[in-house]
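Here's a quick briefing to read alongside the model. Have the sequence and the 3D view open as you go.

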Protein chains: 2
Amino acid sequence: MSRVQGTESFSFNHTMLRIKDPKKSLKFYQEIIGMELLDKHSGGDFTLYFLAFPQKGDENLSAEEKAKNRFNREGILELTHNHGTEDDPNFKGYANGNEDPGRGFGHIAISVDDVEKTCERFEQMGVRFKKRPSDGKMRHIAFILDEDNYWIEVVPKKMSL
Amino acid sequence: MSRVQGTESFSFNHTMLRIKDPKKSLKFYQEIIGMELLDKHSGGDFTLYFLAFPQKGDENLSAEEKAKNRFNREGILELTHNHGTEDDPNFKGYANGNEDPGRGFGHIAISVDDVEKTCERFEQMGVRFKKRPSDGKMRHIAFILDEDNYWIEVVPKKMSL
């Protein structure tokens with residue numbers, strides 16, 4: 001398909017989610033999900049973290065080049081930390097988008113070669129599940145919860161609906 | 001960077017947002033944003049729409065191959081339409097994630113070659129702005145609103161922070 005005129009250069013660059021505690025969230029997205037921290041930006045009372053899965057051809061890029069390249073690709077997750085939420089006893093946590101009031105955003109999704117094996121690894125690492133592959137009718141997919149209770153769908157790369 | 005063991009095949013496949021009216025939203029994301037509708041899935045009382053920007057190498061794929069390939073790439077936007085919201089006078093609309101209660105999800109972002117020109121085109125097409133490039137301190141970025149008032153950030157591909 002040819003591009004719509006005026007949109008030739010557009011990429012779906014990133015999705016932004018607010019997080020309560022960057023220590024917990026970075027550990028989760030780096031060690032459990034396997035994303036790489038590409039860049040970090042401090043804006044006074046907030047810090048932005050930019051993560052993504054390594055891409056083919058990335059291996060030869062320096063950390064600086066990867067940080068620069070983050071505007072020029074898709075699949076970036078931006079985590080926004082408003083300083084202080086992590087140890088504020090009055091902070092209620094963020095809405096995950098799936099309950100009223102606050103319904104809107106639903107989830108992010110990762111696609112994987114083997115959902116079963118992936119979920120076994122998540123189980124072993126103590127990840128919380130919203131829906132295990134064995135729950136309900138949709139046996140080929142799962143939903144896990146991140147540190148802020150955002151839903152992450154786990155779908156097979158070879159999907160047949 | 002080598003991949004974390006057990007996450008070698010993972011891709012950040014998609015982001016899901018609920019929409020009130022698919023006619024309006026598909027028109028917006030296809031004609032104004034320039035995404036392509038790759039696939040559609042009906043699940044009884046809801047319909048899912050999968051959109052993305054065309055990728056290099058896509059030109060030779062059939063519609064069926066593109067639909068199949070949607071699990072095997074990044075940058076997919078999944079729009080969920082729960083049937084009936086579009087003409088339900090009691091439906092209050094979805095939370096966009098940026099107001100209490102319901103704060104959590106922030107925005108999706110598209111990166112573009114030329115933010116100024118892109119925003120001029122959006123203006124001409126009657127797109128609603130949350131922040132024009134000329135508003136506030138961050139002159140190099142903009143935020144537009146989609147049909148459900150979700151924020152879409154417009155960022156330059158060559159970004160200098």
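**The largest cavity**

The largest cavity is lined by A:Phe12, A:Asn13, A:His14, A:Thr15, A:Gly75, A:Ile76, B:Phe12, B:His14, B:Thr15, B:Gly75 and B:Ile76. On a 1 Å grid over the protein atoms alone, a cavity is a set of points where a 1.4 Å probe fits but cannot get out, and lining residues have an atom within 4 Å of a point. This is a predicted model, where local features need pLDDT of at least 70 and side-chain atom pairs count only at pLDDT 80 or more, while totals for chains, interfaces and linings use all residues. Residues are numbered from 1 along each chain as its sequence is written, chains are lettered from A in the order in which they are written, and side-chain values use heavy atoms, with hydrogens and water left out.

**More on the cavity**
- Its volume is about 50 Å³, counted as the space filled by probe spheres set on the grid points.
- Strand E1 (11-19) of chain A and strand E1 (11-19) of chain B each supply at least two lining residues; strands are DSSP runs of E, at least two residues, and helices are runs of H or I, at least four, numbered from the N terminus.
- E1(A) gives the most, with four residues.
- The lining splits into four nonpolar, seven polar and no charged residues, with Gly counted as polar.

- A:Thr7 sits in the segment before E1 of chain A.
- A:Thr7 counts as buried because its relative accessibility is 0%, and buried means under 20% relative accessible area with a 1.4 Å probe, protein chains only.
- The side chain of A:Thr7 reaches the backbone oxygen of A:Val4 at 2.7 Å.
- Leaving aside neighbours within four places in sequence, A:Thr7 is in contact (heavy atoms within 4.5 Å) with B:Ile32, B:Ile33, B:Gly34 and B:Arg121.

**Helix H1 of chain B**
- Buried residues in H1 (residues 22-32) of chain B include B:Leu26, B:Phe28 and B:Tyr29.
- At the start of H1(B), a side-chain oxygen of B:Asp21 comes to within 3.0 Å of the backbone nitrogen of B:Lys23.
- After H1(B) comes B:Gly34, with a positive phi near 90°.

Methods:
Buried < 20%, exposed > 50% of the residue type's maximum accessible area, 1.4 Å probe, protein only. Polar contact = N/O pair within 3.5 Å; in protein donor to acceptor, adjacent residues only side chain to side chain. 1 Å grid on protein atoms, 1.4 Å probe; cavity = no way out; pocket = protein on both sides within 12 Å on 5 of 7 lines; lining within 4 Å.
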